[in-house]
Amino acid sequence: MDGEQWLAACHPDPAAVYRQWGGPPHLARLPTGKHFAALRLFQPLGLTVLWELGDQADKVPVLEEHARPRPFFYLLMQPTDSDADSDAWPSEQDATFLGAGDEFTAPSPHADGITGVQQHSFMWRVAPDGSGRLADPDALRAALRLARDCDRQAARIRAARSVFYGAKHTKHTRQT
């Protein structure tokens with residue numbers, strides 16, 4: 001089973017998903033809560049959460065929505081019993097939990113990212129691979145908590161600046 005088949009199988013009528021993907025706007029609406037849940041994050045927070053996940057981030061299906069005025073990331077995670085209680089997740093402007101009773105809109109994992117963004121503003125950064133591998137909710141919750149820590153954010157910015165300016169200085173030194 002590939003990622004497209006797995007995602008379609010998350011809908012009660014997989015054929016309906018393929019029909020939605022086959023015609024404009026090439027997006028399918030999938031129920032969340034049974035096969036997967038999702039965390040919708042503003043892009044900067046989403047990038048920070050992925051950074052906090054470390055090596056696990058490469059295994060997490062991530063959908064990017066180029067919405068105005070700010071892009072969003074959707075990180076797919078395993079549903080848990082506590083997912084029915086969305087109070088376990090933050091309900092803030094920059095993060096929204098999608099669990100039981102919600103819907104997730106997505107293009108096919110096989111969709112071309114460039115064409116997809118032109119047609120509907122969605123692009124898979126890491127598409128589902130068909131294995132059903134999703135983020136662990138506890139690891140994702142911990143990464144979100146760390147991503148919101150102001151001291152850690154400041155340290156990441158300092159480290160990024162150090163790498164940037166160090167690389168720039170090294171390049172300048174080599175040219176002279």
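Is Arg-152 buried, exposed or partly exposed? Arg-152 is partly exposed, at a relative accessible area of 33%. The views below come from a predicted model.

**View 1. A salt bridge joins Glu-52 to Arg-152.** The closest N and O atoms of this pair are 2.7 Å apart. Glu-52 sits in helix α3 (residues 43-53) and Arg-152 in helix α6 (residues 150-175), so the contact ties together parts 100 residues apart in sequence. Glu-52 counts as buried, with 14% relative accessibility. In total, the structure holds seven salt bridges.

**View 2. Glu-64 forms a salt bridge with Arg-125.** Here the closest N and O atoms are 2.6 Å apart. Glu-64 belongs to strand β3 (residues 62-65) and Arg-125 to strand β7; the pair links distant parts of the chain, 61 residues apart. Glu-64 is buried, at a relative accessible area of 2%. Arg-125 is partly exposed, at 43% relative accessibility.

View 3. Asp-138 is exposed, with a relative accessible area of 54%.

**View 4. Five strands make an open antiparallel sheet.** The strand order is β5-β2-β4-β3-β7. Strands β5 (95-98) and β7 (122-126) are the edges, each pairing on one side only. From one strand to the next, the twist averages 25°. Six bridges join β2 (residues 37-42) to β4 (residues 72-77), and these two strands run antiparallel. Ala-38 stands opposite Leu-76 in β4.

**View 5. Helix α2 (residues 14-22) has buried residues on one side.** They are Ala-16, Val-17 and Trp-21. These residues cover an arc of only 140° around the axis, which puts them on the same side of α2. They pack against α1 (3-9), β1 (28-31) and β6 (103-106). The face turned away from the buried side carries the exposed residues Arg-19 and Gly-22.

**View 6. The largest nonpolar core has 23 residues.** Leu-7, Phe-36, Leu-63, Tyr-74, Leu-76, Phe-104 and Trp-124 touch the most other members. Two or more residues each come from α1, α2, β1, β2, β4, β6 and β7. Not counting residues up to four places away in sequence, Leu-7 has contacts that include Trp-21, Leu-30, Phe-36 and Trp-124. Another core, of 21 residues, lies apart from the largest one; among its members are Leu-53, Val-62, Trp-89 and Phe-97.

Technical notes
Residues are numbered from 1 along each chain as its sequence is written. This is a predicted model: local features need pLDDT of at least 70, side-chain atom pairs count only at pLDDT 80 or more; totals for chains, interfaces and linings use all residues. Side-chain values use heavy atoms; hydrogens and water are left out. Buried means under 20% relative accessible area, exposed over 50%, partly exposed in between (1.4 Å probe, protein chains only). Helices (H or I, at least four residues) and strands (E, at least two) are DSSP runs, numbered from the N terminus. The arc is that of the directions from the helix axis to the C-beta atoms. Contact means heavy atoms within 4.5 Å. Two strands pair if DSSP finds at least two bridges between them. Axes are lines fitted to C-alpha atoms, for helices over the stretch in contact, and angles run from 0 to 180 degrees between N-to-C directions. A nonpolar core is a set of buried Ala, Val, Leu, Ile, Met, Phe, Trp, Tyr and Cys residues joined through side-chain atoms within 4.5 Å. A salt bridge is a side-chain nitrogen of Lys or Arg within 4 Å of a carboxyl oxygen of Asp or Glu.
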